[in-house]
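Please consult the sequence and the structure shown below alongside the text.

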Amino acid sequence: MDSQSYDNDEVEVLGSVAPSDNKIDNIRSNLQMLFGEYTKWMSSTQPIESSFQSTPNLSSFAPLSAGGKGKEKVDDSLYDSAISLSLSSPSPIVRSAVGNTGDACLPTPRSLRFCGLRREAFDSRASLDASSLRLSRLNLHSKHSDLSKVFAVLKGNGTPSSSGYDYDLVIIGAGVGGHGAALHAVEKGLKTAIIEGDVVGGTCVNRGCVPSKALLAVSGRMRELQNEHHMKSFGLQVAAAGYDRQGVADHANNLASKIRNNLTNSLKSLGVDILTGVGTILGPQKLKFGKGDSGDKIITAKDIIIATGSVPLVPKGIEVDGKSVITSDHALKLEFVPEWIAIVGSGYIGLEFSDVYTALGSEVTFIEALDQIMPGFDPEIGKLAQRVLINPRKIDSYTGVFASKITPAKDGKPVQIELIDAKTKEPKDTLEVDAALIATGRAPFTQGLGLENINVQTQRGFVPVDERMRVIDANGKLVPHLYCIGDANGKMMLAHAASAQGISVVEQVSGKDHVLNHLSIPAACFTHPEISMVGLTEPQAREKAAKEGFEVSIAKTSFKANTKALAENEGEGMAKLIYRPDNGEILGVHIFGLHAADLIHEASNAIAMGTRIQDIKFAVHAHPTLSEVLDELFKSAKVKVSTSNTVAEPIAV
């Protein structure tokens with residue numbers, strides 16, 4: 001099948017465009033072709049004990065006439081077959097035949113996953129009653145129907161709640177966390193709604209990770225083109241590099257817009273109701289949404305998730321005007337590039353913006369309250385990163401000081417910054433700069449949620465939760481059916497952590513207990529080169545070891561020994577493994593170097609799955625790739641025990 005033709009149809013589906021009969025014919029034809037090709041492919045690779053006897057008759061997706069007559073049911077032969085199959089090339093693994101009473105849980109065929117059919121259609125144990133696919137209700141030729149709902153029904157989603165509530169799940173906030181929870185809820189068959197008072201995508205998509213990565217992509221290319229020595233080492237001659245500020249800003253804005261539309265369309269295509277307005281909890285399993293006036297609508301939900309995110313934190317004494325004194329929200333618009341900018345805070349946000357501004361020609365001064373810049377990073381990694389990211393660039397810093405007062409530029413005067421000692425609070429210095437960026441972190445956005453209606457008191461603005469994201473009230477008791485994920489609970493203020501928490505909550509409300517291991521969630525700083533980490537830093541690991549009575553060991557590898565890094569002339573970097581030598585447990589991994597943000601996931605997944613070093617060191621990595629940095633790292637570790645577990649029998653997928 002031509003995937004492009006399908007994608008084009010799906011674009012219109014996602015956009016909720018009323019399709020023509022030709023579009024419906026194309027979709028039906030494509031589905032028919034998929035099943036035909038699937039049957040031929042399976043018959044040529046593996047025997048099928050019970051398979052499709054013929055290609056399903058998808059023409060039974062027939063239009064209803066104006067009088068309501070016509071074929072309303074799809075051919076049941078599509079789902080009556082119980083399949084036992086292998087979805088890969090022949091394997092030595094012995095497979096038992098699966099009949100109607102088989103116990104195997106069959107994966108959805110890879111060639112069909114993208115077309116919207118759920119796993120149940122290929123599981124011999126799947127229920128074929130009204131709760132499964134509900135295809136008998138489809139009317140694909142109705143010009144007034146919303147095809148997004150058609151695809152939701154194909155997935156078994158968007159069905160009315162059977163719990164007596166308006167929805168099985170309502171999520172307040174359509175950021176990355178809320179979006180991830182909604183998608184997983186639909187997959188679980190929950191009737192789901194999401195309330196958003198601003199725009200879909202939240203901070204990450206609109207004012208955070210997404211547009212900042214667009215700016216960092218520009219800074220990375222500018223930095224490379226400006227490095228004459230680097231270019232000459234490749235035998236390249238490049239004229240002086242320049243940039244168009246508005247073009248750079250447009251790139252960031254366009255990317256945010258594209259991702260925002262993708263998220264919105266994905267929710268619509270799955271039948272998730274997007275409710276516009278501010279969500280307020282009125283009581284147990286009851287809430288309202290709207291503009292906060294008499295027009296607000298009241299709805300009920302079996303379960304509620306708070307996913308309202310965060311906003312930039314601005315300390316007292318700092319006056320933000322959005323022009324010369326700005327937060328990251330303003331900086332991402334790149335309305336001007338100052339000659340000299342002070343960045344208050346040298347964490348992730350501050351470091352990334354220093355990378356952008358210095359690449360575009362600005363001088364940067366860090367103002368950091370702690371005794372060293374880049375706090376929070378593993379000290380050894382931070383020391384190396386400072387030597388590469390700070391020292392050679394037009395960056396200086398003040399440490400151990402607070403910016404007690406910042407006054408925006410006005411009347412021809414520059415931005416005024418008064419510094420005081422962080423410990424003694426004595427005046428230290430006064431700076432005059434062209435602009436100041438406040439990168440002191442983020443504060444939870446939890447006002448107006450109606451938490452007082454359920455006796456919940458925030459702690460420094462954060463909603464208190466337990467390890468399962470269940471909200472805790474002022475008396476220390478759990479609030480039934482109420483959860484909070486993401487920045488609003490303060491456990492780990494990362495977009496992907498919010499999404500993981502949301503998925504964990506959906507597992508729980510679907511009847512499966514799940515506790516997320518936050519130590520397995522990676523973090524990254526997208527400077528050039530990048531920094532990434534997962535688990536504990538070395539000081540944290542040694543503190544834990546002292547309390548619990550175990551030994552800590554360290555292993556390190558250098559990018560200078562990696563062929564791919566050397567081919568890119570990017571040998572500056574290292575990877576660090578913190579582990580227990582007695583049992584091979586991975587306590588933390590920290591990487592500084594080319595594509596560190598991509599490399600960290602092998603380590604984070606190992607921690608999440610409980611894989612020990614003595615097992616993962618047998619994994620094979622393609623050569624020459626940057627992944628071999630991790631390969632060498634694990635192989636260099638000295639574990640005192642042999643393989644922890646018998647290697648599981650491989651499963652063909």
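**Surroundings of Glu628**

Glu628 touches Asn562, His621, Ala622 and His623, leaving aside residues up to four places away in sequence; contact here means heavy atoms within 4.5 Å. The model is predicted, so local features need pLDDT of at least 70 and side-chain atom pairs count only at pLDDT 80 or more, while totals for chains, interfaces and linings use all residues. Residues are numbered from 1 along each chain as its sequence is written, and side-chain values use heavy atoms, with hydrogens and water left out.

- Glu628 belongs to helix H19 (residues 628-636); helices (H or I, at least four residues) and strands (E, at least two) are DSSP runs, numbered from the N terminus.
- Glu628 is buried and yet has no salt bridge, the nearest side chain of opposite charge being Lys635, 8.6 Å away.
- Buried means under 20% relative accessible area, exposed over 50%, and partly exposed in between (1.4 Å probe, protein chains only).
- For charge, Lys and Arg count as positive and Asp and Glu as negative, whereas His and the chain ends are not counted.

**Salt bridges**

- A salt bridge is a side-chain nitrogen of Lys or Arg within 4 Å of a carboxyl oxygen of Asp or Glu; by this rule the count comes to 27.
- Glu380 forms a salt bridge with Lys576, with the closest N and O atoms 2.9 Å apart.
- This pair links distant parts of the chain, 196 residues apart: Glu380 is in helix H13 (residues 379-390) and Lys576 is in strand E22 (residues 574-579).
- Glu380 is partly exposed at 27% relative accessible area, whereas Lys576 is buried at 1%.
- Arg542 and Glu538 meet in a salt bridge of 3.1 Å, N to O; both lie in helix H15 (residues 538-548), four residues apart, about one turn of the helix.
- Arg542 is partly exposed, with a relative accessible area of 39%.
- A network of salt bridges links Asp378, Glu380, Glu538, Arg542, Lys556 and Lys576.
- Lys564 forms a salt bridge with Glu568, the closest N and O atoms being 3.3 Å apart; Lys564 is partly exposed at 31%, and Glu568 is partly exposed at 33%.

- The buried residues of H8 include Val210, Leu215, Met222 and Arg223.
- Cover for the buried residues of H8 includes helices H7 (202-207), H10 (245-269), H11 (328-331) and H12 (348-359).
- Leu225 lies in H8 (residues 209-226) and is partly exposed at 36% relative accessibility.
- Leu225, Phe234, Leu236 and Val238 form a nonpolar patch on the surface, with about 310 Å² of accessible area together.
- Patches are made of residues with over 30% relative accessible area and no salt bridge; like charges are joined within 9 Å, and nonpolar side chains (Val, Leu, Ile, Met, Phe, Trp, Tyr) within 5 Å.
- Accessible areas come from the Shrake-Rupley method with a 1.4 Å probe, and for residues only the protein chains shown count as cover.

**Helix H12**

- In H12, 10 of the 12 residues are buried, so this helix is largely enclosed by the rest of the structure; among them are Glu352, Phe353, Asp355 and Tyr357.
- Just after H12, Gly361 takes a positive phi of about 110°.
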